[in-house]
Amino acid sequence: QIANRRGKFIEAASRGKILANKCVNCNHSTLETVYFCEKCLSGTFTTEEYEGLGNVVTFTIQSVAPEGFTDAGSYAWVVFTVDKAPFKVSGFLEGIRTPADLPVGSKVKVSGFDEKHGLILKRA
């Protein structure tokens, strides 16, 4: 079941979407990759889909990529709020060299998923 959930999350990301779970017990929404509600600990959910569009909250720039990530060059690991969703998501955005390249509040969009980098973002 975990592989199936992961596959659905990746498939949604490939369409630029964020897959989420909505708790049947308390209606709390969270990422689909979470298996128990953080509010009431229920494990029963319905699935929701959000546009993978949001605003940058914070980021970390990797100007010297660690071993295994040199294919990306300089990049940012970005945390962003998802429009109309009650949670934040993180993802990988290539080509960010300085904070001026990605001001806090900038719009980003999910553009896919990579096995090594996770959610792939682009500027919106």
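1. The model under discussion is predicted. Along the sequence, the protein chain follows the pattern α-β-β-β-β-β-β-β-β, that is, one helix and eight strands.

2. On overall dimensions, a compact globule of 124 residues would have a radius of gyration near 14 Å, and the 15 Å of the protein chain agrees with this. Along the principal axes, the C-alpha atoms fill a box of roughly 45 × 30 × 25 Å.

3. Of the 124 residues in the protein chain, 40% are buried. The chain exposes about 6900 Å², of which carbon and sulfur atoms supply 53%. Among contacts between residues at least 6 apart in sequence, 50% join residues at least 24 apart.

4. The structure contains two aromatic pairs. In one of them, the ring centres of Tyr-50 and Phe-87 lie 5.6 Å apart and the planes stand at 90°, so the pair is edge-to-face. Tyr-50 belongs to strand β3, whereas Phe-87 sits in the loop between β5 and β6, and 37 residues separate them. Tyr-50 is buried because its relative accessible area, 12%, falls under the 20% cut-off. Phe-87, at 10% relative accessibility, also counts as buried.

5. Tyr-75 and Phe-92 form a tilted aromatic pair, with 4.6 Å from centre to centre and 35° between the planes. Tyr-75 lies in strand β5 and Phe-92 in strand β6, so this pair ties together parts 17 residues apart in sequence. Both Tyr-75 and Phe-92 are buried.

Technical notes:
Residues are numbered from 1 along each chain as its sequence is written. This is a predicted model: local features need pLDDT of at least 70, side-chain atom pairs count only at pLDDT 80 or more; totals for chains, interfaces and linings use all residues. Side-chain values use heavy atoms; hydrogens and water are left out. Helices (H or I, at least four residues) and strands (E, at least two) are DSSP runs, numbered from the N terminus. The radius of gyration is taken over C-alpha atoms; the globule rule is 2.2 Å times the number of residues to the power 0.38. Buried means under 20% relative accessible area, exposed over 50%, partly exposed in between (1.4 Å probe, protein chains only). Contact means heavy atoms within 4.5 Å. Accessible areas come from the Shrake-Rupley method with a 1.4 Å probe; for residues, only the protein chains shown count as cover. Rings of Phe, Tyr and Trp (its six-membered ring) pair if their centres lie within 6.5 Å; planes under 30 degrees apart count as stacked, over 60 as edge-to-face and the rest as tilted.
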